[in-house]
Amino acid sequence: MPESASVGNAPDGARQSSESAVTRFFRATEIDTRMLGMLGALLLIWLTFHFFSDGRFLTPRNLWNLSVQTSSVAIMSTGMVLIIVTRHIDLSVGSILGFVAMIMGVTQTQLLPDLLGYSHPMTWVATLAVGIVLGALIGGLHGYIIAYLGVPAFIVTLGGLLVWRGAAWWVTSGQTVAPMNSTFRLMGGGPYGSIGSFWSWVVAGIGCLGLTLMILVGRRNRTRFNFPQRPVWAELTLIGVGCSAILGAVAVFNSYPWPKGIVRRWAAANNVEVPDGGIFIAHGIAIPVLMAICVGVVMTFIATRTRFGRYVFAMGGNPEAAELAGINTRWVTMKIFILMGILCAIAGAISTARLNASTNAQGTLDELLVIAAAVIGGTSLGGGVGTIVGAMIGAVVMQSLQSGMVLLGVDAPFQNVVVGVVLVFAVWLDSLYRRHQS
Amino acid sequence: MQTDTAAQKEQTPVGMQSTDKVVEMSDVSISFGGIHAVDHASLDLHKGEVVALLGHNGAGKSTFIKILSGAYKSEGGTIRIRGEEALINNPRDAKAYGIETIYQTLALADNVDTAANLYLGRELRTAWGTLDDVAMEARAREVMGRLNPRFERFKEPVKALSGGQRQSVAIARAILFDAQILIMDEPTAALGPQETAQVGDLIKQLKQDGISIFLISHDIEDVFELADRVAVMKNGQMVGDAPTHLVSKDEVLGMIILGKCPPAATPGPGAIDL
């Protein structure tokens, strides 16, 4: 029927001719300008720190450390995106991390040695599994109270913040648990907790191949249905930029060598002669970073390619519409919190492995970093808007600020002032951008 | 039940026999905080019939049809679909009976695109269980192409669309899944005169395809052009219903304003004697 029902819908050709080359480029490549702005801001932060630290910021060593320090918060921020997208909040992630980390510490130091034997190679798997199940149960409990009993998420997770922090103390009466199992510790990074130069290049290769395949498959599908296509040059640009970024990052990680002392010990243990100049053994990608990347890929898949993800965003956009469309919104809400609990457990494993201990204060204030990362990464507190990648980049921004200031010797209290100001400023900028868009 | 042909339908546009009743709602009630929003209301709908539901704001029309669409649960009474008693506890149940609803608010998820809205809750999936966005977009283009041939903004969230375009998305969603029973709550409220006429054409087309329609509207001209029967609600009660060609507009206004049933109408519990 309605021929003229298409109000304000000029044919595409007419619209394009009035656009500048820059606008046309962004439309053709479908690059998110907001995301680009964030990457620009990150680059600016890096260059500023690099300049003021006399060139100590943009070094393989510092960037490698930055990547390891970011991974725990980055992992949790991917779950926070889904929570904020559905107009909820989770203030308890730091405490959940603390409690689960404490249980994982006790599990591997006190329970598993009796069950599996001391230093069993599967210790880390069993520990992580215990943590993930526990995280899922805690998240499920929160989700149940929020979705089925109708208590606001703010209150439930505020309660959770207190309860799980207290529970973490309860497990060992406040004692620190250490040291951790040697295989478990690999999840914390360090020279042994990295995959080395060769495997890093393999990962890079898989990444580039995956990116190219994704674009090709998308193109083939659209051809099959005769849909409008991105121009070929735009696809090639995307592949080129994406692959360069992946290869560049791996090149940086691969140029950070093991410290001399560790090389010597490793050489002695493996009967290798160390020449005068020493041996260059690259760190490569750290295992926690690899875990964060995997979480990012899986969460992006969940958010964009599954029904569950579609429901999460639809519920955030219009909860009533989701309900009327027949979506079981309560169950979806509960699943989101279960997912958050699982992510807290994975983040907890990384932070425990890095510290080589479970402590009482572990994860304190992490909830604020995680929320800040998601929000700086473009997740709208109004609901319905957010990306996994954005939140992870947001986590890198937060961590860059912190470690940059440490590098410059900024006093700890003043670091908090800066981080707070940046958070408010970033969200203000974002709201300006969005208003300009609509 | 016999399948009517278009010719038969034209000969017997009204007063159809109970054998072809698609929906029978009897004595349904719902109250919010002690106020009877719908009070023992009953109404039938025949195959291929358009029944207009009229009444003031707050008369209970939207609430009444939301009981059928599963958004609200009736506190009593029965609903029979195609002769069998139906339990409609939520929107999913209603959809399973072939009941689709175009809500007055449109009920669109503003932040996702047209195809995602059309298939919300019923997404197509690939053999691997992932969303089959390409197939959904293909069907969306097909259906939207019928409703709104110049529509091309499939990649944009529906909040970027015009009022008329959003309305066509909501209509497309209702007709996408071969609905047998269609509920349209003020489907032309957001539209200009020309688009309103086109929705009218669509309703006639759907009626010819044998789809039964509940139409809520404020526009009495529209109602007289499109509906086979009018039903009027007042204060949550059914005043009565009458074949459109047996009553005048003034008589229908009398039903809406005064609750007074003309002789041709079947009075309901809300009718008063003047």
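Modeller: Start with one bridge: Met25(B) has Ile79(B) as its partner in strand 4 of chain B. This is a predicted model; local features need pLDDT of at least 70, side-chain atom pairs count only at pLDDT 80 or more, and totals for chains, interfaces and linings use all residues. Residues are numbered from 1 along each chain as its sequence is written, while chains are lettered from A and ligands numbered from 1 in the order in which they are written.

The bridge belongs to a pairing of strand 1 (residues 21-32) with strand 4 (residues 78-81) of chain B, antiparallel, over four bridges. Strands are DSSP runs of E, at least two residues; helices are runs of H or I, at least four, and both are numbered from the N terminus. Two strands pair if DSSP finds at least two bridges between them. Strands of a sheet pair through backbone hydrogen bonds.

Now confidence. Chain B has a mean pLDDT (the predictor's confidence in each residue, from 0 to 100) of 87, and 92% of its residues score at least 70. Residues 1-18 of chain B are below 50, with 15 contacts beyond near neighbours in sequence. A contact puts two C-beta atoms, placed from the backbone, within 7 Å. Where pLDDT is low, the predicted coordinates should not be read in detail. Overall scores are ipTM 0.85 and pTM 0.89.

Chain A has 18 helices and zero strands. Its radius of gyration (over C-alpha atoms) is 24 Å, close to the 22 Å of the globule rule for 438 residues, so chain A is as compact as a globular protein of that length. That rule is 2.2 Å times the number of residues to the power 0.38.

Last, the core. A nonpolar core joins buried Ala, Val, Leu, Ile, Met, Phe, Trp, Tyr and Cys residues through C-beta atoms within 7 Å. Buried means 20 or more other C-beta atoms within 10 Å of a residue's own; 12 or fewer is exposed, and partly exposed lies in between. The largest core has 182 residues, and Ile346(A) and Leu215(B) touch the most other members. Helix 15 (residues 329-355) of chain A gives the largest share, 16 residues. Beyond four places in sequence, Ile346(A) contacts Ile75(A), Ile132(A), Met291(A) and Val295(A).
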